[in-house]
Amino acid sequence: MSSEAQAVTNTVADVPLSRRFGWIWWVALLASGALVLLLGYTLISVAILGVGVWGVNIPFVWGFDLINYAWWIGIANGASLFAAILVLRRHDLRTAVNRFAEGVAFFAVICAGIFPIVHLGRPWLFYWVFPYPATFQVWPQFRSTLTWDFWAISTHAIVTSLLWYVGLIPDLATLRDRARTRAGKRLYGVFALGWRGSVRDWAYHQRAYRLVAILVLPLILIMQSTVAFEFAVTLVPDWHETRQPLHFVATGLAQGLSIVLLVAVLLRWGLRLGRYIDDEDVDLLGRLVLASALVSGYLYLDEIASALLAEPVPQEATFNRITGDYAGLYWTSIVYSILIPQLLWLKAARRSTVAGIFVGISIGVGVWFDRFSIIVGGLQTDYLPSVWRTYAPTLPETGLFLGTLGLFAALLLLFVRFLPVVSMFETRHDEHEEASS
Amino acid sequence: MTRAPHGVMAEFKTPDALLAAVRAAKRAGYTRLDAYSPFPLPDLAGELGVRTTVVPWIAFVAGLIGAGLQYTAQYWMNAVDYPLNVGGRPLDSWPAFIPATLIVAILWAGAATLIGLLLILRLPRLHHPVFAVHGFERASNDRFFLCILGDDPLFEDGETRGFLEAQSPMMVREVPACG
């Protein structure tokens, strides 16, 4: 068993500890780094010039800012859900692959958090949402959904990052003990906090880690609903619906799971981790993605049924979204996020790298179009016909979105390069169980 | 006079050998034991008498405090200190205060559990006597260690060493006390 444990540690630990990592990684990091620069540029331009550089104007009070915010939040929540499911599903220690799912959730919530802050118009005053004793003696209005969002995003960011880090501590200790350079030993050593692997420490570590992983489950449902409430509490005809939270939760989870699937198959292929992210894990992910796509499909039907039963104004607004200027978005979304994932009924597709990449990207794109359709298509025909017009993102808005994609990719690439993407101690444990049974 | 050592440590190849050694040490009357392993060993933790029931209590109590604080803060700010009439809606709109209350309860429970974990384990602590033992770095890879601590009432340098050597370990070493 001992030599097998050594083999696990070698394969996973060699990745962060190796001196060379191949040119593909460098090219990808440079490309995403360029996008991060673009992100910086667009953020500065919005801060200096104001939100006038965006294409938003009455009636389109929300545009790319909220589309991309809702989209990133979906990814963060779906990834957290998958991590929590892994912890809940098995009673033994088999949760190795939730490491990168938590990483994906953490990076996505960072990208999501950028949008609501810059769309404030004066982003440097974002701390006004926090209830601090201001000299002008005004408190935030907690009856507004926008303040709930502040708590939801910050809680998700804090809890996910803490959970991710605490889960990493034992593996950082392994890297500390295996690092070949003095700088590596010191750096990993400081972040490992002096972990010794005492059996008592392990018992507390596992109990706390599992408990918090499960606590995240209700959090993501509340958080995604909060995003939806921001739409539902407005008077915009197409948004003012109690079904809104259900729609956002279901489609958001489908999209988050699909991005986890995408990252899983890419890691498996790129780092040759097929033994640790095994067929069974990817198969489970495929089933979850398929199930969530079916639920999304059901909710699309529900939307049409609700519209048929609704009063004339909301009915017209919904059908305008399906058949009007932005109908293309709606139908694209159905094709990409509901029809294409049906491929996953085939076992061969669930286990294939190419199909995983294809379906993962497809749902990501489909749900992005869905958010676009809801936000822009919903706002287009407000109560005042004289302001009915169309919206298109300007270059700074597109740059902002591409920038967050670059930031997400860059964080993921650095994570893959310097930290173990699957939990080494859990895989060691599994191999031991297999060897002794 | 030399200082009493931190303890004596034996290295084992498998978790089963470690478990057998821990049982033998308990039969021999040793009470101050510590074991090190590259992955969690719940059975051994039970054998060593580790009880982690405090962890869910930390989460529960912290969650209650967080929820209480958040709800009270929202009520006090919006209904007492700065009442603002929005379209005649009640000032104490409790349903509107619930989402943030639940979210902040999870924030407190999660953060308190994970930060409390570090406090319970007394981490960060970058230096520890066990790190001085040659070969201990494999405790994070593939080896299992049992340490009988120097403050055990039965601890007698040569005798304890002899006891550990009888448990067929790969090697036995003294753990010097930290300066």
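## A residue of the core in chain A

A:Val104 touches A:Ile75, A:Ala79, A:Ile259, A:Val260 and A:Val263, leaving aside residues up to four places away in sequence. The model is a predicted one. A:Val104 is also among the residues with the most contacts inside the largest nonpolar core, which has 170 residues.

A:Val104 touches A:Ile75, A:Ala79, A:Ile259, A:Val260 and A:Val263, leaving aside residues up to four places away in sequence. The model is a predicted one.

Helix H7 of chain A gives the largest share of the core, 19 residues. Domain 1 (7-51 + 128-175) and domain 2 (54-120) of chain B both contribute residues, so the core lies between them. In soluble globular proteins, nonpolar side chains tend to be buried together.

## Chain A as a whole

Chain A contains 15 helices and zero strands. Its C-alpha atoms fill a box of roughly 75 × 55 × 40 Å along the principal axes.

Buried residues make up 52% of the 437 residues in chain A. Of the contacts in chain A with a separation of 6 or more, 82% are between residues 24 or more positions apart.

A:Phe248 lies in helix H8 (residues 244-270) of chain A. Is A:Phe248 buried or exposed? A:Phe248 is buried, because 29 other C-beta atoms lie within 10 Å and the cut-off for a buried residue is 20 or more. Not counting residues up to four places away in sequence, A:Phe248 touches A:Gln224, A:Val227 and A:Ala228. A:Phe248 and A:Gly113 are 135 residues apart in sequence, and their C-alpha atoms are 17 Å apart in space.

The peptide bond from A:Ile58 to A:Pro59 is cis, with omega near 5 degrees. A:Pro59 is in the loop between helix H2 (23-49) and helix H3 (64-89) of chain A.

## Chain B as a whole

Chain B has five helices and four strands. From the N terminus on, the elements of chain B run β-α-β-α-α-α-β-α-β. The radius of gyration of chain B is 25 Å, well over the 16 Å that the globule rule gives for 179 residues, so chain B is more spread out than a compact globule. The C-alpha trace of chain B spans about 80 × 35 × 30 Å along its principal axes.

The domain assignment divides chain B into domain 1 (7-51 + 128-175) and domain 2 (54-120). The C-alpha centres of domain 1 and domain 2 of chain B lie 45 Å apart. Of the 179 residues of chain B, 40% count as buried. Among contacts in chain B between residues at least 6 apart in sequence, 81% join residues at least 24 apart.

## Helix H5 of chain B

Helix H5 of chain B covers residues 157-165, and B:Thr160, B:Phe163 and B:Leu164 in this helix are buried. Seen down the axis of H5(B), the buried residues fall within an arc of 95 degrees, so they line one face of the helix. An α-helix has 3.6 residues a turn, so residues three or four places apart point the same way.

The buried residues of H5(B) pack against strand S1 (7-12), strand S3 (144-149) and strand S4 (171-175) of chain B. On the other side of H5(B), B:Gly158, B:Glu159 and B:Gly162 are exposed.

## Loops of chain B

The loop between helix H4 (94-120) and S3 of chain B holds B:Pro124. A cis peptide bond joins B:Leu123 and B:Pro124, with omega about -5 degrees. B:Arg122 lies in the loop between H4 and S3 as well. Phi of B:Arg122 is near 55 degrees, a positive value in a residue other than glycine. B:Arg122 counts as exposed, with 11 C-beta neighbours inside 10 Å.

B:Ser168 is in the loop between H5 and S4 of chain B. Its phi is positive, about 45 degrees, although B:Ser168 is not a glycine. With 12 C-beta neighbours inside 10 Å, B:Ser168 counts as exposed.

## Where the chains meet

Definitions and conventions:
Residues are numbered from 1 along each chain as its sequence is written. Chains are lettered from A and ligands numbered from 1 in the order in which they are written. This is a predicted model: local features need pLDDT of at least 70, side-chain atom pairs count only at pLDDT 80 or more; totals for chains, interfaces and linings use all residues. Helices (H or I, at least four residues) and strands (E, at least two) are DSSP runs, numbered from the N terminus. Two residues are in contact if their C-beta atoms, placed from the backbone, lie within 7 Å. Domain bounds come from an automatic or database domain assignment. The arc is that of the directions from the helix axis to the C-beta atoms. A nonpolar core is a set of buried Ala, Val, Leu, Ile, Met, Phe, Trp, Tyr and Cys residues joined through C-beta atoms within 7 Å. The radius of gyration is taken over C-alpha atoms; the globule rule is 2.2 Å times the number of residues to the power 0.38.
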